[in-house]
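User: Please take a close look at one part of this model, the stretch with the surface patch and the aromatic pairs. I would like one connected account.

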Amino acid sequence: MTLVTYTLDRPLDGAALSAVAHGAPLVLGDAARGRIAVAHDLVRAIVARGTPAYGVNTGVGALFDRAVEPALHRRLSRQLVMSHACGVGAPLSEAEVRAIIAAQANNHAHGHSGVRVAVVEALLALLAHRIVPEVPGAGSVGYLTHMAHIALVLIGEGHARIGDQDQGGQRLTGAQALARAGLSPLVLDAKEGLSLLNGAPCATGLGAVAWARAARAVVAADGVAALSFECLGGNPAAFVPGVLALRRSAGVAQTGAALNAWLAGSAHLSGAARLQDPLSLRSIPQVHGGVRDALAYVGTMIDDELASVTDNPVMLGTTEAPRACSAAQAIATGLAIALDALGVAIAHIGMMSERRTDRMVNPLVSGLPPFLAAEAGVSSGFMIAQYTASALVSENRRLAAPASLDGGITSGLQEDYLSHPTAAAMKALAIVANVEAILGIELAAAAQAHDLGVAPDARAPATAKLHAHVRAAIAPFADDRPMNEVIEQGADLVRAGLPLPA
(Lines give C-alpha, C1' and ligand atoms only; values in the text may rest on other atoms or scores of the structure.)
Protein backbone atom coordinates (compact mmCIF):
# COMPACT_ATOMS: atom_id res chain seq x y z
CA MET A 1 0.00 0.00 0.00
CA THR A 2 1.35 3.42 -0.99
CA LEU A 3 1.21 5.92 1.87
CA VAL A 4 0.40 9.59 1.33
CA THR A 5 3.32 11.91 2.13
CA TYR A 6 2.30 14.88 4.26
CA THR A 7 4.08 18.24 4.05
CA LEU A 8 4.28 20.76 6.87
CA ASP A 9 3.80 23.79 4.66
CA ARG A 10 0.33 23.88 6.22
CA PRO A 11 -0.83 22.44 9.55
CA LEU A 12 -1.75 18.79 9.86
CA ASP A 13 -5.25 17.79 10.87
CA GLY A 14 -6.23 14.93 13.15
CA ALA A 15 -6.64 12.43 10.34
CA ALA A 16 -3.24 13.28 8.84
CA LEU A 17 -1.57 13.12 12.25
CA SER A 18 -3.06 9.68 12.85
CA ALA A 19 -1.82 8.56 9.42
CA VAL A 20 1.72 9.71 10.23
CA ALA A 21 1.48 7.92 13.58
CA HIS A 22 0.84 4.71 11.68
CA GLY A 23 3.65 5.11 9.18
CA ALA A 24 2.83 7.83 6.61
CA PRO A 25 5.85 10.02 5.74
CA LEU A 26 6.06 13.61 6.96
CA VAL A 27 8.40 16.20 5.42
CA LEU A 28 9.17 19.92 5.54
CA GLY A 29 8.25 22.10 2.59
CA ASP A 30 9.99 25.29 1.57
CA ALA A 31 7.35 27.51 3.15
CA ALA A 32 7.74 25.79 6.52
CA ARG A 33 11.52 25.99 6.31
CA GLY A 34 11.27 29.71 5.70
CA ARG A 35 8.97 30.30 8.67
CA ILE A 36 11.17 28.25 11.01
CA ALA A 37 14.33 30.10 9.91
CA VAL A 38 12.73 33.52 10.44
CA ALA A 39 11.73 32.61 14.00
CA HIS A 40 15.24 31.34 14.74
CA ASP A 41 16.65 34.67 13.55
CA LEU A 42 14.45 36.37 16.16
CA VAL A 43 15.98 34.23 18.92
CA ARG A 44 19.46 35.08 17.71
CA ALA A 45 18.57 38.77 17.73
CA ILE A 46 17.26 38.56 21.31
CA VAL A 47 20.41 36.76 22.45
CA ALA A 48 22.60 39.38 20.75
CA ARG A 49 20.71 42.21 22.47
CA GLY A 50 20.66 40.50 25.85
CA THR A 51 16.94 41.19 26.20
CA PRO A 52 15.49 39.00 28.99
CA ALA A 53 13.37 36.26 27.44
CA TYR A 54 11.89 33.31 29.31
CA GLY A 55 13.76 30.07 28.67
CA VAL A 56 16.06 31.76 26.16
CA ASN A 57 18.40 33.49 28.60
CA THR A 58 16.56 32.81 31.88
CA GLY A 59 15.62 29.79 33.91
CA VAL A 60 12.16 28.26 33.61
CA GLY A 61 9.14 27.78 35.87
CA ALA A 62 9.70 29.44 39.23
CA LEU A 63 13.29 30.18 38.10
CA PHE A 64 12.09 32.58 35.37
CA ASP A 65 13.86 35.51 37.07
CA ARG A 66 17.30 33.85 37.08
CA ALA A 67 19.43 35.22 34.25
CA VAL A 68 21.57 32.80 32.25
CA GLU A 69 24.68 34.22 30.59
CA PRO A 70 25.27 33.55 26.86
CA ALA A 71 28.08 31.05 27.49
CA LEU A 72 25.57 28.83 29.31
CA HIS A 73 22.67 28.93 26.82
CA ARG A 74 23.56 25.59 25.24
CA ARG A 75 24.05 24.06 28.65
CA LEU A 76 20.63 25.38 29.72
CA SER A 77 18.96 23.74 26.73
CA ARG A 78 20.66 20.39 27.32
CA GLN A 79 20.02 20.35 31.04
CA LEU A 80 16.36 21.22 30.58
CA VAL A 81 16.01 18.03 28.57
CA MET A 82 17.88 16.00 31.19
CA SER A 83 15.89 17.31 34.16
CA HIS A 84 12.50 16.99 32.50
CA ALA A 85 13.02 13.38 31.37
CA CYS A 86 11.42 11.97 34.50
CA GLY A 87 8.66 9.71 33.17
CA VAL A 88 7.86 6.37 34.75
CA GLY A 89 5.99 3.23 33.80
CA ALA A 90 5.59 1.18 30.63
CA PRO A 91 6.69 2.87 27.39
CA LEU A 92 4.26 4.28 24.86
CA SER A 93 3.63 2.39 21.63
CA GLU A 94 5.36 3.23 18.37
CA ALA A 95 2.23 4.89 16.96
CA GLU A 96 1.82 7.01 20.08
CA VAL A 97 5.44 8.18 20.05
CA ARG A 98 5.29 8.95 16.33
CA ALA A 99 2.11 10.99 16.87
CA ILE A 100 3.80 13.12 19.53
CA ILE A 101 6.87 13.69 17.35
CA ALA A 102 4.72 14.69 14.38
CA ALA A 103 2.62 17.05 16.49
CA GLN A 104 5.74 18.77 17.82
CA ALA A 105 7.22 19.15 14.32
CA ASN A 106 3.88 20.60 13.24
CA ASN A 107 4.03 23.06 16.16
CA HIS A 108 7.53 24.28 15.24
CA ALA A 109 6.55 24.56 11.55
CA HIS A 110 4.18 27.42 12.38
CA GLY A 111 7.29 29.58 12.66
CA HIS A 112 6.97 31.00 16.17
CA SER A 113 9.21 28.66 18.19
CA GLY A 114 12.70 29.85 17.31
CA VAL A 115 14.40 26.50 16.80
CA ARG A 116 16.70 25.87 13.86
CA VAL A 117 15.45 24.05 10.79
CA ALA A 118 17.92 21.31 11.73
CA VAL A 119 15.99 20.58 14.91
CA VAL A 120 12.73 19.98 13.04
CA GLU A 121 14.59 17.92 10.45
CA ALA A 122 16.00 15.81 13.30
CA LEU A 123 12.49 15.14 14.61
CA LEU A 124 11.34 14.11 11.14
CA ALA A 125 14.41 11.90 10.72
CA LEU A 126 13.23 9.84 13.72
CA LEU A 127 10.00 9.19 11.83
CA ALA A 128 11.71 8.46 8.52
CA HIS A 129 14.12 5.93 10.05
CA ARG A 130 11.55 4.41 12.43
CA ILE A 131 13.62 5.35 15.45
CA VAL A 132 11.21 5.07 18.36
CA PRO A 133 12.43 6.81 21.52
CA GLU A 134 11.63 4.97 24.73
CA VAL A 135 8.98 7.20 26.32
CA PRO A 136 7.57 6.16 29.71
CA GLY A 137 3.80 6.61 29.66
CA ALA A 138 3.22 7.98 33.16
CA GLY A 139 4.43 10.98 35.12
CA SER A 140 3.31 13.92 32.99
CA VAL A 141 0.93 16.53 34.39
CA GLY A 142 0.84 18.41 31.12
CA TYR A 143 3.21 18.36 28.19
CA LEU A 144 6.84 18.16 29.28
CA THR A 145 7.90 14.66 30.27
CA HIS A 146 7.05 12.71 27.13
CA MET A 147 8.78 15.17 24.82
CA ALA A 148 11.83 15.24 27.10
CA HIS A 149 12.37 11.52 26.56
CA ILE A 150 12.08 12.04 22.80
CA ALA A 151 14.52 14.96 22.97
CA LEU A 152 16.98 12.77 24.88
CA VAL A 153 17.43 10.63 21.80
CA LEU A 154 17.95 13.69 19.59
CA ILE A 155 20.97 14.66 21.72
CA GLY A 156 22.30 11.09 21.81
CA GLU A 157 21.01 10.19 25.27
CA GLY A 158 18.20 7.97 26.50
CA HIS A 159 17.11 4.83 24.68
CA ALA A 160 15.25 3.96 21.50
CA ARG A 161 14.24 1.05 19.34
CA ILE A 162 14.56 0.83 15.58
CA GLY A 163 11.80 -0.92 13.71
CA ASP A 164 8.61 -2.52 14.95
CA GLN A 165 8.33 -2.31 18.74
CA ASP A 166 5.68 -5.02 18.73
CA GLN A 167 8.16 -7.35 17.04
CA GLY A 168 10.83 -6.61 19.61
CA GLY A 169 12.88 -4.01 17.79
CA GLN A 170 16.38 -3.84 19.25
CA ARG A 171 16.83 -1.51 22.24
CA LEU A 172 19.74 0.89 21.72
CA THR A 173 21.11 4.00 23.36
CA GLY A 174 20.12 7.24 21.70
CA ALA A 175 23.61 7.64 20.26
CA GLN A 176 23.59 4.10 18.88
CA ALA A 177 20.16 4.53 17.30
CA LEU A 178 21.20 7.76 15.58
CA ALA A 179 24.44 6.17 14.36
CA ARG A 180 22.55 3.21 12.87
CA ALA A 181 20.61 5.70 10.76
CA GLY A 182 23.70 7.73 9.83
CA LEU A 183 22.60 10.65 12.02
CA SER A 184 24.54 12.73 14.54
CA PRO A 185 23.34 13.94 17.96
CA LEU A 186 22.13 17.53 18.10
CA VAL A 187 23.88 20.22 20.11
CA LEU A 188 21.00 22.43 21.19
CA ASP A 189 21.17 26.21 20.91
CA ALA A 190 19.36 28.86 22.95
CA LYS A 191 15.67 28.12 23.55
CA GLU A 192 15.80 24.81 21.66
CA GLY A 193 15.71 22.69 24.80
CA LEU A 194 12.60 24.49 26.02
CA SER A 195 10.90 24.40 22.62
CA LEU A 196 11.48 20.67 22.30
CA LEU A 197 9.68 20.17 25.62
CA ASN A 198 6.99 22.79 25.41
CA GLY A 199 3.59 23.04 23.76
CA ALA A 200 0.76 20.53 23.60
CA PRO A 201 2.17 17.85 21.23
CA CYS A 202 1.78 15.01 23.75
CA ALA A 203 -1.93 15.55 24.34
CA THR A 204 -2.56 16.41 20.68
CA GLY A 205 -0.67 13.42 19.32
CA LEU A 206 -2.07 10.91 21.78
CA GLY A 207 -5.52 12.45 21.44
CA ALA A 208 -5.45 12.12 17.66
CA VAL A 209 -4.55 8.43 17.94
CA ALA A 210 -7.38 7.87 20.45
CA TRP A 211 -9.83 9.83 18.30
CA ALA A 212 -9.00 7.87 15.13
CA ARG A 213 -9.31 4.55 16.95
CA ALA A 214 -12.60 5.64 18.50
CA ALA A 215 -13.99 6.65 15.11
CA ARG A 216 -13.01 3.26 13.67
CA ALA A 217 -14.63 1.52 16.65
CA VAL A 218 -17.94 3.33 16.09
CA VAL A 219 -18.04 2.22 12.46
CA ALA A 220 -17.28 -1.34 13.58
CA ALA A 221 -19.93 -1.08 16.30
CA ASP A 222 -22.63 -0.48 13.68
CA GLY A 223 -21.80 -3.78 11.99
CA VAL A 224 -21.43 -5.68 15.26
CA ALA A 225 -24.75 -4.30 16.49
CA ALA A 226 -26.47 -5.24 13.22
CA LEU A 227 -25.21 -8.81 13.56
CA SER A 228 -26.60 -8.99 17.11
CA PHE A 229 -29.84 -7.25 16.15
CA GLU A 230 -30.53 -9.78 13.40
CA CYS A 231 -29.92 -12.89 15.50
CA LEU A 232 -32.10 -11.44 18.29
CA GLY A 233 -34.97 -10.79 15.86
CA GLY A 234 -35.12 -7.04 16.34
CA ASN A 235 -37.77 -4.80 14.80
CA PRO A 236 -36.15 -2.66 12.08
CA ALA A 237 -39.10 -0.25 12.11
CA ALA A 238 -37.13 1.71 14.73
CA PHE A 239 -34.59 2.59 12.02
CA VAL A 240 -37.00 4.12 9.48
CA PRO A 241 -35.21 7.22 8.14
CA GLY A 242 -38.26 9.47 8.50
CA VAL A 243 -38.53 8.60 12.18
CA LEU A 244 -34.82 9.08 12.85
CA ALA A 245 -34.91 12.43 11.03
CA LEU A 246 -37.15 13.80 13.79
CA ARG A 247 -33.98 14.09 15.88
CA ARG A 248 -31.61 16.70 14.47
CA SER A 249 -28.31 14.82 14.45
CA ALA A 250 -25.90 14.03 11.66
CA GLY A 251 -24.62 11.10 13.70
CA VAL A 252 -28.06 9.56 14.17
CA ALA A 253 -28.77 9.83 10.45
CA GLN A 254 -25.41 8.27 9.59
CA THR A 255 -25.88 5.39 12.03
CA GLY A 256 -29.43 4.76 10.84
CA ALA A 257 -28.28 4.60 7.23
CA ALA A 258 -25.52 2.15 8.19
CA LEU A 259 -27.90 -0.13 10.10
CA ASN A 260 -30.40 -0.17 7.26
CA ALA A 261 -27.62 -1.06 4.83
CA TRP A 262 -26.41 -3.86 7.11
CA LEU A 263 -29.90 -5.35 7.54
CA ALA A 264 -31.33 -4.85 4.05
CA GLY A 265 -32.75 -8.07 2.62
CA SER A 266 -32.81 -10.04 5.87
CA ALA A 267 -35.38 -12.79 5.62
CA HIS A 268 -34.84 -13.51 9.30
CA LEU A 269 -36.36 -10.12 10.12
CA SER A 270 -39.20 -10.24 7.60
CA GLY A 271 -41.75 -11.98 9.83
CA ALA A 272 -43.69 -10.84 12.87
CA ALA A 273 -41.72 -8.51 15.12
CA ARG A 274 -41.99 -7.28 18.66
CA LEU A 275 -43.99 -4.09 19.08
CA GLN A 276 -41.05 -2.56 20.92
CA ASP A 277 -37.51 -3.85 21.36
CA PRO A 278 -35.36 -3.26 24.47
CA LEU A 279 -33.35 -0.06 24.34
CA SER A 280 -30.07 -1.85 23.67
CA LEU A 281 -31.56 -2.74 20.27
CA ARG A 282 -33.94 0.04 19.28
CA SER A 283 -31.77 2.95 20.46
CA ILE A 284 -28.63 1.97 18.55
CA PRO A 285 -28.96 4.97 16.17
CA GLN A 286 -29.43 7.40 19.04
CA VAL A 287 -26.49 6.06 21.05
CA HIS A 288 -24.01 5.42 18.25
CA GLY A 289 -25.16 8.62 16.56
CA GLY A 290 -24.67 10.67 19.71
CA VAL A 291 -21.14 9.30 20.00
CA ARG A 292 -20.48 10.20 16.37
CA ASP A 293 -21.61 13.77 17.04
CA ALA A 294 -19.32 13.98 20.08
CA LEU A 295 -16.37 12.65 18.08
CA ALA A 296 -16.99 15.29 15.42
CA TYR A 297 -16.57 17.94 18.12
CA VAL A 298 -13.40 16.28 19.42
CA GLY A 299 -11.99 16.11 15.89
CA THR A 300 -12.58 19.84 15.46
CA MET A 301 -10.76 20.57 18.71
CA ILE A 302 -7.78 18.43 17.66
CA ASP A 303 -7.67 20.19 14.27
CA ASP A 304 -7.80 23.59 16.00
CA GLU A 305 -4.95 22.57 18.30
CA LEU A 306 -2.81 21.54 15.33
CA ALA A 307 -3.56 24.86 13.66
CA SER A 308 -2.44 26.72 16.80
CA VAL A 309 0.96 27.77 18.09
CA THR A 310 1.41 26.14 21.51
CA ASP A 311 5.02 26.98 22.31
CA ASN A 312 6.06 29.33 25.12
CA PRO A 313 7.42 31.88 24.69
CA VAL A 314 6.36 32.62 21.12
CA MET A 315 8.67 34.59 18.86
CA LEU A 316 7.23 37.71 17.25
CA GLY A 317 8.37 40.91 15.58
CA THR A 318 11.39 41.46 13.36
CA THR A 319 15.12 41.05 13.81
CA GLU A 320 15.25 44.83 14.35
CA ALA A 321 12.53 44.60 17.04
CA PRO A 322 12.31 40.99 18.21
CA ARG A 323 9.84 39.96 20.92
CA ALA A 324 9.55 36.80 22.99
CA CYS A 325 6.01 36.79 24.32
CA SER A 326 5.66 34.59 27.40
CA ALA A 327 1.93 33.95 27.68
CA ALA A 328 0.07 30.65 28.10
CA GLN A 329 -0.04 29.17 24.62
CA ALA A 330 0.76 25.70 25.93
CA ILE A 331 -2.28 25.50 28.24
CA ALA A 332 -4.64 23.28 26.25
CA THR A 333 -7.75 23.41 28.42
CA GLY A 334 -10.14 23.15 25.47
CA LEU A 335 -8.33 20.06 24.24
CA ALA A 336 -8.37 18.52 27.73
CA ILE A 337 -12.14 19.00 27.98
CA ALA A 338 -12.61 17.52 24.51
CA LEU A 339 -10.48 14.46 25.31
CA ASP A 340 -12.41 13.92 28.53
CA ALA A 341 -15.54 14.03 26.36
CA LEU A 342 -14.01 11.50 23.97
CA GLY A 343 -13.57 9.03 26.81
CA VAL A 344 -17.14 9.48 28.02
CA ALA A 345 -18.53 9.21 24.50
CA ILE A 346 -16.75 6.04 23.43
CA ALA A 347 -17.53 4.40 26.79
CA HIS A 348 -21.21 4.51 25.76
CA ILE A 349 -20.40 2.25 22.81
CA GLY A 350 -19.01 -0.31 25.25
CA MET A 351 -22.02 0.00 27.55
CA MET A 352 -24.45 -0.73 24.71
CA SER A 353 -22.34 -3.55 23.34
CA GLU A 354 -22.19 -5.36 26.68
CA ARG A 355 -25.98 -5.11 27.02
CA ARG A 356 -26.48 -6.71 23.61
CA THR A 357 -24.02 -9.46 24.48
CA ASP A 358 -25.96 -10.16 27.66
CA ARG A 359 -29.19 -10.50 25.68
CA MET A 360 -27.57 -13.02 23.34
CA VAL A 361 -26.17 -15.23 26.10
CA ASN A 362 -29.09 -14.94 28.51
CA PRO A 363 -31.54 -17.84 27.93
CA LEU A 364 -34.32 -15.87 29.64
CA VAL A 365 -34.54 -13.45 26.71
CA SER A 366 -32.41 -14.73 23.82
CA GLY A 367 -34.42 -17.62 22.40
CA LEU A 368 -31.01 -19.22 21.80
CA PRO A 369 -29.17 -22.05 23.57
CA PRO A 370 -28.05 -20.94 27.06
CA PHE A 371 -24.87 -18.86 26.87
CA LEU A 372 -24.43 -19.94 23.23
CA ALA A 373 -22.83 -23.13 24.56
CA ALA A 374 -22.42 -26.21 22.40
CA GLU A 375 -23.48 -28.47 25.30
CA ALA A 376 -25.00 -26.33 28.05
CA GLY A 377 -23.96 -27.61 31.43
CA VAL A 378 -20.73 -29.31 30.54
CA SER A 379 -19.97 -26.23 28.44
CA SER A 380 -20.21 -22.64 29.70
CA GLY A 381 -19.93 -21.04 26.27
CA PHE A 382 -19.90 -17.24 26.42
CA MET A 383 -21.11 -17.01 30.02
CA ILE A 384 -17.88 -15.66 31.47
CA ALA A 385 -17.01 -13.61 28.39
CA GLN A 386 -20.03 -11.47 29.27
CA TYR A 387 -18.54 -11.09 32.77
CA THR A 388 -15.38 -9.78 31.14
CA ALA A 389 -17.35 -7.27 29.08
CA SER A 390 -19.17 -6.15 32.21
CA ALA A 391 -15.87 -5.69 34.06
CA LEU A 392 -14.47 -3.56 31.23
CA VAL A 393 -17.61 -1.42 31.18
CA SER A 394 -17.17 -0.82 34.90
CA GLU A 395 -13.52 0.06 34.44
CA ASN A 396 -14.50 2.56 31.75
CA ARG A 397 -16.91 4.25 34.15
CA ARG A 398 -14.02 4.80 36.55
CA LEU A 399 -11.65 5.95 33.81
CA ALA A 400 -14.21 8.39 32.40
CA ALA A 401 -13.98 10.71 35.42
CA PRO A 402 -12.64 14.04 34.07
CA ALA A 403 -8.89 14.51 34.17
CA SER A 404 -9.28 18.18 33.28
CA LEU A 405 -10.66 18.94 36.76
CA ASP A 406 -7.84 17.26 38.68
CA GLY A 407 -5.95 20.52 39.21
CA GLY A 408 -2.52 20.57 40.82
CA ILE A 409 0.17 23.05 41.81
CA THR A 410 3.77 22.83 40.60
CA SER A 411 6.98 24.85 40.32
CA GLY A 412 6.79 26.84 43.53
CA LEU A 413 3.30 28.28 42.86
CA GLN A 414 4.40 29.66 39.48
CA GLU A 415 2.40 26.98 37.68
CA ASP A 416 -0.70 26.86 39.88
CA TYR A 417 -3.28 25.66 37.34
CA LEU A 418 -3.23 22.39 35.42
CA SER A 419 -5.84 21.03 33.00
CA HIS A 420 -4.13 17.65 32.39
CA PRO A 421 -4.74 17.25 28.63
CA THR A 422 -2.13 14.49 28.38
CA ALA A 423 -3.80 12.55 31.19
CA ALA A 424 -7.12 12.97 29.43
CA ALA A 425 -5.58 11.57 26.25
CA MET A 426 -4.06 8.60 28.09
CA LYS A 427 -7.41 7.82 29.72
CA ALA A 428 -9.16 8.05 26.37
CA LEU A 429 -6.70 5.55 24.88
CA ALA A 430 -7.34 3.13 27.74
CA ILE A 431 -11.12 3.45 27.34
CA VAL A 432 -10.92 2.93 23.59
CA ALA A 433 -8.84 -0.24 24.10
CA ASN A 434 -11.46 -1.57 26.51
CA VAL A 435 -14.24 -0.79 24.04
CA GLU A 436 -12.41 -2.61 21.27
CA ALA A 437 -12.27 -5.67 23.54
CA ILE A 438 -15.96 -5.34 24.50
CA LEU A 439 -16.94 -5.11 20.83
CA GLY A 440 -14.68 -8.10 20.10
CA ILE A 441 -16.65 -10.14 22.64
CA GLU A 442 -19.96 -9.11 21.10
CA LEU A 443 -18.70 -9.82 17.59
CA ALA A 444 -17.60 -13.35 18.47
CA ALA A 445 -20.83 -13.99 20.39
CA ALA A 446 -23.00 -12.65 17.56
CA ALA A 447 -21.27 -14.90 15.05
CA GLN A 448 -21.91 -17.85 17.37
CA ALA A 449 -25.54 -16.79 17.78
CA HIS A 450 -25.95 -16.73 14.00
CA ASP A 451 -24.53 -20.25 13.80
CA LEU A 452 -27.12 -21.41 16.34
CA GLY A 453 -30.18 -19.39 15.42
CA VAL A 454 -30.12 -17.85 11.94
CA ALA A 455 -30.32 -19.94 8.78
CA PRO A 456 -27.50 -18.97 6.39
CA ASP A 457 -29.93 -18.22 3.56
CA ALA A 458 -32.05 -16.02 5.87
CA ARG A 459 -29.26 -13.59 6.70
CA ALA A 460 -29.02 -10.17 5.13
CA PRO A 461 -26.34 -10.15 2.42
CA ALA A 462 -24.23 -7.68 4.42
CA THR A 463 -24.45 -9.55 7.73
CA ALA A 464 -23.70 -12.80 5.89
CA LYS A 465 -20.53 -11.18 4.58
CA LEU A 466 -19.62 -9.99 8.09
CA HIS A 467 -20.30 -13.43 9.56
CA ALA A 468 -17.99 -14.98 6.96
CA HIS A 469 -15.35 -12.37 7.75
CA VAL A 470 -15.49 -13.34 11.43
CA ARG A 471 -15.43 -17.06 10.72
CA ALA A 472 -12.34 -16.63 8.54
CA ALA A 473 -10.50 -15.50 11.68
CA ILE A 474 -12.40 -17.08 14.59
CA ALA A 475 -13.62 -20.67 14.66
CA PRO A 476 -16.91 -21.47 16.47
CA PHE A 477 -16.32 -21.81 20.22
CA ALA A 478 -16.96 -25.13 21.93
CA ASP A 479 -15.06 -24.61 25.19
CA ASP A 480 -12.15 -26.13 23.29
CA ARG A 481 -9.60 -23.36 23.86
CA PRO A 482 -9.10 -20.46 26.27
CA MET A 483 -11.81 -17.83 25.74
CA ASN A 484 -9.28 -14.98 26.01
CA GLU A 485 -7.89 -16.05 22.62
CA VAL A 486 -11.35 -15.62 21.09
CA ILE A 487 -11.76 -12.22 22.72
CA GLU A 488 -8.39 -11.02 21.46
CA GLN A 489 -9.16 -12.26 17.94
CA GLY A 490 -12.43 -10.34 18.01
CA ALA A 491 -10.74 -7.19 19.27
CA ASP A 492 -8.11 -7.51 16.53
CA LEU A 493 -10.89 -7.55 13.91
CA VAL A 494 -12.46 -4.43 15.43
CA ARG A 495 -9.11 -2.60 15.62
CA ALA A 496 -8.35 -3.45 12.00
CA GLY A 497 -11.75 -2.23 10.82
CA LEU A 498 -14.66 -4.39 9.71
CA PRO A 499 -15.90 -4.62 6.12
CA LEU A 500 -18.60 -2.11 5.25
CA PRO A 501 -22.11 -3.24 4.26
CA ALA A 502 -21.77 -2.11 0.66
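**Surface patch and aromatic pairs**

Val243 sits in helix 10, residues 241–244; helices (H or I, at least four residues) are DSSP runs, numbered from the N terminus. The model is predicted: local features need pLDDT of at least 70, side-chain atom pairs count only at pLDDT 80 or more, and totals for chains, interfaces and linings use all residues. Residues are numbered from 1 along each chain as its sequence is written, and side-chain values use heavy atoms, with hydrogens and water left out.

With a relative accessible area of 47%, Val243 is partly exposed (buried means under 20%, exposed over 50%, partly exposed in between; 1.4 Å probe, protein chains only). Together with Val240 and Leu246, Val243 forms a nonpolar surface patch with about 300 Å² of accessible area. Such a patch takes residues with over 30% relative accessible area and no salt bridge, nonpolar side chains being joined within 5 Å. A salt bridge is a side-chain nitrogen of Lys or Arg within 4 Å of a carboxyl oxygen of Asp or Glu.

Rings of Phe, Tyr and Trp (its six-membered ring) pair if their centres lie within 6.5 Å; planes under 30 degrees apart count as stacked, over 60 as edge-to-face and the rest as tilted. The count by this rule is 2 aromatic pairs. Phe229 and Phe239 make a tilted pair, 4.9 Å centre to centre with 40° between the planes. Phe229 belongs to helix 9 (residues 201–231) and Phe239 to the loop between helix 9 and helix 10, 10 residues apart. Both Phe229 and Phe239 are buried. For Phe382 and Phe477, the ring centres are 5.9 Å apart and the planes at 70°, so this pair is edge-to-face.

Technical notes:
Patch = residues over 30% accessible without salt bridge, like charges linked within 9 Å, V, L, I, M, F, W, Y side chains within 5 Å. Areas by Shrake-Rupley, 256 points an atom, 1.4 Å probe, with all protein chains shown as cover. Helix = DSSP H or I, 4+ residues; strand = E, 2+ residues; numbered from the N terminus.
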